[in-house]
Amino acid sequence: MLSQQKSFIATDRRIGSLYLVPTPIGNLEDMTFRAVNILKEVDMIAAEDTRQSKKLCNHFEIETPIFSYHEHNKESSGHRVVDLLEQGKNIALVSDAGMPTISDPGSELVNQVLELGGHVIPLPGANAALTALIASGISPQPFYFFGFLDRQKKEKKNQLEMLKMKTETMIFYESPHRLKETLQLIHEYLGNRAICLSRELTKKFEEFIRGNVEDVINWSINNEIRGEFCIIIEGSSEEPLLDTDVWWESLSITEHVNHYIQDDFSSKEAIKKVALDRKMQKRDVYQAYHVE
């Protein structure tokens, strides 16, 4: 169903508005005047981490009441936001740093408010992905934002396998304790492309590490890994495979299954993937692998 939102035209609205307010990713001076004013004007602030948000509010002398809205309480807190909006209250949603809903909770709340008939009003502001992208030295457009790869190694491999033929510059987030493993898998699945790591963006120790994937892997081995990272990777320069071109075409079914088993899949999972690749019934692949 079509809906039309005119955010700033005065109407007799009984439902309050949800403001999506970006917060600094490091340097507090990146907070916009408008963001400060909105946080002062709304009735309440829904925050991913109330402790972090209280520090921010204290710095800018914002006295608006704060309550928590995060991944583990988003259902109950979402109902609270909806109740407040139905009372005509205006609510601001903030995450720990950067844009709400981008690799942070909030997208479900946006949909709840829209279904309610309320207005969702976004503010521009700090964002780690775009900040890293424009200084990476890698073509900034077109780009593909992925966010965090899966924590499980097997699923991470599947995701990189899916992404390896993308021609767009790719953007990932990664935590310091998973960075080395992720870089090794990027090398294995995407090859030795141009890459840029950035950390501590907008802070005193802001750092960019640019080079190819092998260079950056060597850097990660020889240096202490600290801080959250944004990874910018050059897109694929290879011609995409035609539908008729398949990597497993020269393999027997047994070799095809063993390929996936060597990639840390169980035999059951490998058989399922082979069946999907070859558009066969799983029982036929099972028969060929275990019996024939």
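## Ground rules

Because the model is predicted, local features need pLDDT of at least 70 and side-chain atom pairs count only at pLDDT 80 or more, while totals for chains, interfaces and linings use all residues. Residues are numbered from 1 along each chain as its sequence is written, and side-chain values use heavy atoms, with hydrogens and water left out.

## The five-strand sheet

Let's start with an open sheet of five strands, in the order β6-β7-β10-β8-β9, with mixed pairing. β6 (143-148) and β9 (207-212) are at the edges with a single partner strand each, so one side of each has no neighbour in the sheet. On average, neighbouring strands here are turned by 15° against each other, direction ignored. Strands are DSSP runs of E with at least two residues, helices are runs of H or I with at least four, and both are numbered from the N terminus. Two strands pair if DSSP finds at least two bridges between them.

β6 and β7 (residues 169-174) run parallel and are joined by five bridges. Phe148, for instance, has Tyr173 in β7 as its bridge partner.

## Pocket and cavity

The largest pocket has a volume of about 1,000 Å³. Its lining has 33 residues, with Ile25, Asp96, Ala97, Asp104 and Glu228 nearest the centre. The largest share, four residues, comes from α2. On a 1 Å grid over the protein atoms alone, a pocket is an open set of points with protein on both sides within 12 Å along at least five of seven lines, a cavity is a set where a 1.4 Å probe fits but cannot get out, and lining residues have an atom within 4 Å of a point. Grid points are joined across faces, edges and corners, and a volume is the space filled by probe spheres set on the points.

What about cavities? A search of the whole structure finds one of 30 Å³ or more. The largest cavity holds about 40 Å³ of space, and its lining residues include Glu48, Tyr69 and Asp104.

Most residues other than glycine have a negative phi, and most peptide bonds are trans. Gln141 and Pro142, however, are joined by a cis peptide bond, with omega about -5°. Pro142 sits in the loop between α5 (128-134) and β6.

Asp264 isn't a glycine, yet has a positive phi of about 80°. Asp264 lies in the loop between α9 (253-262) and α10 (267-278). Lys279, also not a glycine, has a positive phi of about 55°.

Definitions and conventions. Axes are lines fitted to C-alpha atoms, for helices over the stretch in contact, and angles run from 0 to 180 degrees between N-to-C directions.
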